[in-house]
Amino acid sequence: MAPPPSPPLDLIADVAIEIFLRFPPDEPEHLFRAAFVCKHWLRVLCDPVFRRRYRAFHGAPPLLGLLHRRQLRHGDPAARFASTTSMPDFPHPGSGGRRTRPLDCRHGRVLVHMLEKEDVDLLVWDPVTGDRHAFPQPDDMELLIYAAAVFCAVEGCDHLDCHGGPFGVIFVSTDAHDEIIIASVYSSETGAWSVPVSLDDGSEFYAKHGQDAIEDELYYIPYVQPRRAAIIRDDIYFTLRRDNAIIKYDRGLNCLSMINPLSPNVNNRRISLMVMEDSSLGFACIEGSSLFLWSRKVNSEGAPEWVQIRVLELEATIPIDNVDYVMPETTMSIDHLEFGRSVVGFAEGVDVIFISTDLGLFTIEIKSGKVKKVDKPGVYYSVLPYMSFCTPDHGKLLSIARTQ
């Protein structure tokens with residue numbers, strides 16, 4: 001009896017491609033290993049057509065790693081990119097000994113403040129491609145207390161493959177002398193910063209807290225919190241130290257404004273801004289052992305309001321050290337102490353929330369409730385998640401081969 005005919009080579013190739021498309025993007029090592037199997041698979045996986053299909057098939061870029069930012073009193077963290085996958089850490093641009101301050105990760109890019117004596121500049125770094133774009137900080141802004149965000153500047157981009165395209169950087173800073181908030185935007189296309197715009201003492205926020213300034217002058221000053229911003233289309237949101245007030249920068253109008261205050265039911269000063277699944281602005285906070293998710297919705301009268309949309313219990317999923325906490329001898333208030341659980345970041349697209357505990361840094365997936373420990377215990381004030389597709393090309397394969 002004659003053996004059955006072998007399937008056509010084209011059919012085998014098509015089946016292999018369909019299998020490769022289903023390799024999980026949050027474990028890029030699988031695709032890299034497959035590329036080393038044979039020359040045919042190498043050509044397939046390094047083909048730009050396959051890489052485009054792979055990104056389109058999976059949608060949102062996966063979480064590949066993280067950096068984080070501390071409050072100023074804790075100093076800057078070590079120059080380290082912590083991988084959350086089986087791939088090795090990307091070499092950090094500050095690993096040569098220069099002091100650095102990570103500011104943001106977004107759209108496949110990392111924004112780093114390079115600090116060393118009087119030689120100070122900014123760096124936008126693409127860990128996947130290795131591209132670096134250095135530029136000066138804004139001259140007419142005080143950068144003692146500030147937050148910043150990097151974003152893709154391509155109109156209508158789906159942010160699946162932003163490598164090499166134009167980008168923007170926004171700095172929002174508190175001027176401690178004039179007690180105003182100032183914002184300026186850098187464009188990689190023009191190589192220049194925009195004329196700063198400010199939110200001055202004519203805003204509703206200042207009027208609301210004017211009386212508090214007499215007894216609480218320090219907290220009256222609207223200090224920008226050095227936390228990761230939330231970006232929804234042309235709107236970029238940051239939080240202030242006072243009552244978690246939220247400011248919005250409108251890229252289209254080039255202006256700063258306040259948005260309606262948080263729900264009176266929210267007493268926690270540690271919130272993390274989020275981009276919700278419906279592209280509305282949201283935030284997460286922890287009260288007791290519960291994680292609360294809030295979203296800014298438009299009510300029946302057409303006015304925006306904060307709506308609690310979900311509560312997740314953490315008692316049995318994210319551990320904390322049950323050892324009694326002893327208050328140290330310090331003049332610092334209880335609000336400044338860091339213990340228990342706190343929300344320190346959010347990764348949009350993959351709907352992952354970062355929670356810091358005294359036993360380590362954990363992620364929790366909103367939909368599934370799946371919990372994963374991703375880093376050791378530390379002072380995590382604002383986690384900066386790095387999300388991007390990392391697929392094989394000849395350059396990456398060559399660099400990996402040299403390290404093995």
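The protein chain contains eight helices and 24 strands; helices (H or I, at least four residues) and strands (E, at least two) are DSSP runs, numbered from the N terminus. The model is predicted: local features need pLDDT of at least 70, side-chain atom pairs count only at pLDDT 80 or more, and totals for chains, interfaces and linings use all residues. Residues are numbered from 1 along each chain as its sequence is written, and side-chain values use heavy atoms, with hydrogens and water left out.

Some totals describe the chain as a whole. The protein chain has 404 residues, of which 50% count as buried. Here buried means under 20% relative accessible area, exposed means over 50%, and partly exposed covers what is in between, with a 1.4 Å probe and protein chains only. The accessible surface of the protein chain is about 20,100 Å², and carbon and sulfur atoms account for 52% of that surface. Accessible areas come from the Shrake-Rupley method with a 1.4 Å probe; for residues, only the protein chains shown count as cover. Contact, in what follows, means heavy atoms within 4.5 Å. Among contacts between residues at least 6 apart in sequence, 53% join residues at least 24 apart.

The description now turns to a pair of helices. Helix α3 covers residues 39-46 and helix α4 covers residues 48-58; their axes come within 5 Å and cross at roughly 60 degrees. Axes are lines fitted to C-alpha atoms, for helices over the stretch in contact, and angles run from 0 to 180 degrees between N-to-C directions. Angles under 35 degrees count as roughly parallel, over 145 as roughly antiparallel, 65 to 115 as roughly perpendicular and the rest as oblique. Helices α3 and α4 are therefore oblique to each other. On the α3 side of the contact stand V44, L45 and C46, and these meet P48, F50 and R51 of α4. By class, this contact of α3 with α4 has five nonpolar residues, no polar residues and one charged residue. In this classification Ala, Val, Leu, Ile, Met, Phe, Trp, Tyr, Cys and Pro count as nonpolar, Asp, Glu, Lys and Arg as charged, and the others, Gly among them, as polar.

L21 is placed in helix α1, which covers residues 9-21, and L21 counts as buried because its relative accessibility is 2%. Apart from residues up to four places away in sequence, L21 touches F50, R53, Y54, F57 and H58. The C-alpha atoms of L21 and R51 are separated by 9.0 Å, although the two residues are 30 residues apart along the chain. H58 itself lies in helix α4 and, at 24% relative accessibility, counts as partly exposed. With neighbours within four places in sequence left aside, H58 is in contact with L21, R22, F23, P25 and F389. Between H58 and R22, 36 residues apart in sequence, the C-alpha to C-alpha distance is 8.3 Å.

Several loops hold buried residues with contacts elsewhere in the chain. R228 lies in the loop between α7 (217-220) and β12 (230-232). The relative accessibility of R228 is 10%, so R228 counts as buried. Beyond its neighbours within four places in sequence, R228 is in contact with D104, C105, R106, F346, E348, S382, V383, L384, P385 and M387. A polar atom of the R228 side chain lies 3.1 Å from the backbone oxygen of F346.

S188 belongs to the loop between β9 (180-187) and β10 (192-193), and its relative accessibility of 18% places S188 among buried residues. Its contacts, leaving aside neighbours within four places in sequence, are with H133, P166 and F167. A polar atom of the S188 side chain lies 2.8 Å from the backbone nitrogen of F167.

Two further loop residues concern the backbone. Most residues other than glycine have a negative phi. H107, in the loop between β3 (99-106) and β4 (109-115), has a positive phi near 55 degrees, and H107 is buried with a relative accessible area of 19%. N254, in the loop between β14 (246-250) and β15 (255-258), likewise has a positive phi, near 50 degrees, but N254 counts as partly exposed at 30% relative accessibility.

Finally, a strand residue may be located. C285 is placed in strand β17, residues 281-287, and is buried with a relative accessible area of 2%. C285 and R270, 15 residues apart in sequence, are 6.4 Å apart in space, C-alpha to C-alpha.

Key. A polar contact is a pair of N or O atoms within 3.5 Å; within protein, one must be able to donate a hydrogen and the other to accept it, and residues adjacent in sequence count only if both atoms are side-chain atoms.
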